[in-house]
Amino acid sequence: MAGRGDWRWHAAGGAAILLFAVLLAIRLGVPGGFSARPAGIGAAVPAGLPTGESWMSITQQGRKIGYANRILTRTDEGFRFEERIFMQVRTMGIVQPLTLRTEARLKEDRTLSSFRFDLASNLFRFQAEGTVKGKEMALRIGEPGRERTAVIPLAKPPFLGGGILESLGAAHLQPGEARDFP
């Protein structure tokens, strides 16, 4: 029975790593000044949004430490989103490479259909993948070869973090308006 609850520790560890990556991105200025006040949760987002490729430089105190590359392409079902982030981050006194890779399928309204996430450095590796079906997300998380599965109930269809800025930009907000993207 000891191994049965281990997936929770892996999920907690994965959540901590994802939180670290998000906080690091915010600290480094990616996405740069994004904030929104709560309003209509799950507000409709126009499907006719621009596709293409973008490159961003990641800097810290005026020094380039990495880059981010995003590619959004239209598919028959909606969109395919790819993001690669590479950074040289000082960890435990040593500069370490950190690579984040996300591949996702998005529906026409840009809500998440499925995703695969990989976080790697010289010190560790973490993978997560999931599929949204109805009001549940089936997850497989953990180190390669030691994955655990979980099913998470969803109150609303989720958006992928990397696509929120584009979705927000396409929502045609007026001054004083806001949107929530679960």
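View 1. A68 stands opposite I85 in β4, where strands are DSSP runs (E, at least two residues) numbered from the N terminus and two strands pair if DSSP finds at least two bridges between them. Strand β3 (residues 63–74) and strand β4 (residues 78–91) pair in the antiparallel sense over 9 bridges, and a hairpin of 3 residues joins β3 to β4. This is a predicted model, in which local features need pLDDT of at least 70 and side-chain atom pairs count only at pLDDT 80 or more, while totals for chains, interfaces and linings use all residues. Residues are numbered from 1 along each chain as its sequence is written, and side-chain values use heavy atoms, with hydrogens and water left out.

**View 2. The β2–β3 hairpin.** Strands β2 and β3 run antiparallel and are joined by 9 bridges, with K64 in β3 as the bridge partner of T59. The hairpin that they form has 2 residues between the strands, and Q61 in the turn has a positive phi of about 50 degrees.

**View 3. The pairing of β7 with β8.** Strand β7 (residues 125–133) pairs with strand β8 (residues 136–142) in the antiparallel sense over 7 bridges, and V132 has M137 in β8 as its bridge partner.

View 4. The open sheet is formed by 8 strands in the order β2-β3-β4-β5-β6-β7-β8-β9, with antiparallel pairing. Its edge strands are β2 (52–60) and β9 (148–153), each of which pairs on one side only. Neighbouring strands of this sheet are turned by 15 degrees against each other on average, direction ignored, where axes are lines fitted to C-alpha atoms and angles run from 0 to 180 degrees between N-to-C directions.

Notes
Helix = DSSP H or I, 4+ residues; strand = E, 2+ residues; numbered from the N terminus.
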